[in-house]
Amino acid sequence: MKKIAVIKGDGIGPEIVAEAQKVLAALTAKTGVQFEYTDVLMGGVAIDATGVPLPDETVEICKNSDAVLLGAVGGPKWDTLPGHLRPEAGLLGIRKALGLFANLRPAIIHEALIDASTLKADVVRGVDIMAVRELTGGVYFGERGRGYEASADVVGEKFEFAFDTDKYNTMEVERIARCAFDIAMRRGKKLCSVDKANVLENSRLWRETVNKLASEYPEVELSHMYVDNAAMQLIRYPLQFDVIVTSNLFGDILSDEASMLTGSIGMLPSASLGKPGEPGMFEPIHGSAPDIAGKNLANPLGTILSVAMMLRYSLGLEAEAQMIEAGVTKVLADGYRTKDILTASAVGGEIKIVGTVEMGTLVAERV
Ligand code: NAD
C-alpha cells in the first residue's frame, strides 16, 4: 500500500488531480499496486478553511506519506493578502518542511506535438532533457540587504544599494550533484553541470565539488558549461543534452527555457525530491489557471505525467511509470487533444478535441 498525501489546491487543481487519480486507479486494476490517499489542504482553500496557507496538519500528513501529489495553488481571490498569508507561501513552506532540495523538470518532445514548439521540428525532434535544479540554497536564500554608500564618481552624495548573496557549501552541491548523477545513470549516462566558473567563486567551488564526485560515477560522461553558453545551446542544439544540473538561480531560468522547447505548459510534469527515502512532491509546472477553472478545459496530462514521476522517483515503480507514459504517448498518437495543445497543423484531420475528463479516461483506458 503506497500512502499518498493529495493537495488538490485551487483553480483547475481539483480537476486535474481527479484525472491523475483515475489513471492510478486503472494502474491498480492492471497491476494490483494499491494507493491510499489522504486529502490535505494547502493554498487558497486552506486560507478559506483555516486562515493559513499551510496548516500544521498538512505538513504532518505529508511528512508521514510515501509521496505528495499536488495540483496547483493560488488565484485572484487571495492576491491581495500579505506575502506570508498568500497561497504561494504554502508552496515554499511545504518545500522547506519536506527538505525538497532537488527540482526535476523533464523536457520531452512528443512526436505528435512537434508543431507545438516554436523551434523547427528538426531541432527539437527526439529531445529528452532532464533539468535538475538546486532548490533550497544559492542567491534566493543567501544574505541580502540594502544600505547607503558613497560613490568614488560623485563627491558628497550617497546612493542606495542592494545586495543578494549567492552562496553554496560543498554538502549542498554534493547532494544535488549526487542526485543528478544517479538520474543520469538511469537515463543516457550524460551529465552537464552548468555554472559561471569563469567569473564566480561560488561556481568554482561548485565545479570542483562536482568533479570530485565524478570518480564515483565512472560510467557517466560529465561535462561543464557556462550558463550563458547553456542558454544558447539549449536553443541551438538541444539534442546534445541528457541531464543538466545547476544552481537555484541558473536552474530557474534554464528549466523554463528547456520546458518551453516543448511549447505546451499543460503537458509538463515536475518532481521535487529530498533525502533518499523521504517523501517527494510531484506537480505539473503550470499554475492554477483560474481563467479556465471548472470548464473541463484544463489539460490533465502534466499532472498525469507527474504521477509517472512519482512512481519512478518516490515509489520505486519504474515499470508502472512507463505504463503511464506510454498511455499518454498513445493518446496523443491517436489524435486526442485538449484545446491548449491543438496545434495549427493538427486542426481538422484525425484530430479530436476532448475535455479534461475525457482526456483522463482515454489515458486510463490505455494503461
Ligand atoms: P498558469 O500556469 O496558471 O496559467 C498560464 C496560462 O496557461 C493560462 O492562460 C492558463 O489557462 C494556461 N494553462 C495553465 N495550465 C493549463 C492546463 N493544464 N491546461 C490548459 N491551459 C493551461 O499561470 P498564471 O496565470 O500566471 O497563474 C495563475 C495562478 O496560479 C496564480 O495565482 C499563480 O500564483 C499560481 N501559480 C501556482 C503555481 C503552483 O501551484 N505550483 C505555479 C505557477 C502559478
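This is a predicted model: local features need pLDDT of at least 70, side-chain atom pairs count only at pLDDT 80 or more; totals for chains, interfaces and linings use all residues.
How many bridges join strand β1 (residues 2–9) to strand β3 (residues 67–72), and in which sense do the two run?

1. To take the opening question: β1 and β3 run parallel, with five bridges joining them. If you want a spot to look at in the viewer, A5 sits opposite V68 in β3.

2. Helix α1 (residues 13–31) packs on the sheet here, touching β1, β2, β3 and β12 (280–284). Its direction makes about 140° with that of β3. Helix α7 (residues 201–214) also packs on the sheet, but its contacts are with β8 and β9, and its direction makes about 160° with that of β8.

3. Now the whole sheet: it's open, has 10 strands with mixed pairing, and reads β2-β1-β3-β12-β11-β4-β5-β10-β8-β9. β2 (35–39) and β9 (221–226) each have a single partner strand, so one side of each has no neighbour in the sheet. From one strand to the next, the twist averages 25°.

4. Have a look at β10 (residues 243–246), which is covered on both faces: V243 and V245 are buried on one side, I244 and T246 on the other. Strand β5 (residues 128–134) pairs with β10 in the parallel sense over four bridges, and A131 has I244 as its bridge partner. Strand β8 (residues 190–195) also runs parallel to β10, joined by four bridges, with L191 opposite V243.

5. Lastly, the ligand. It is surrounded by 21 residues, the closest being G74, G266, H286, G287 and N299. By class, the shell comes out as nine nonpolar, eight polar and four charged residues.

Terms used
Residues are numbered from 1 along each chain as its sequence is written. A residue is buried if 20 or more other C-beta atoms lie within 10 Å of its own, exposed if 12 or fewer, and partly exposed in between; C-beta atoms are placed from the backbone. Two strands pair if DSSP finds at least two bridges between them. A residue is near a molecule or strand if its C-beta atom, placed from the backbone, lies within 6 Å of it. Ala, Val, Leu, Ile, Met, Phe, Trp, Tyr, Cys and Pro count as nonpolar, Asp, Glu, Lys and Arg as charged, and the others, Gly among them, as polar. Axes are lines fitted to C-alpha atoms, for helices over the stretch in contact, and angles run from 0 to 180 degrees between N-to-C directions. Two residues are in contact if their C-beta atoms, placed from the backbone, lie within 7 Å.
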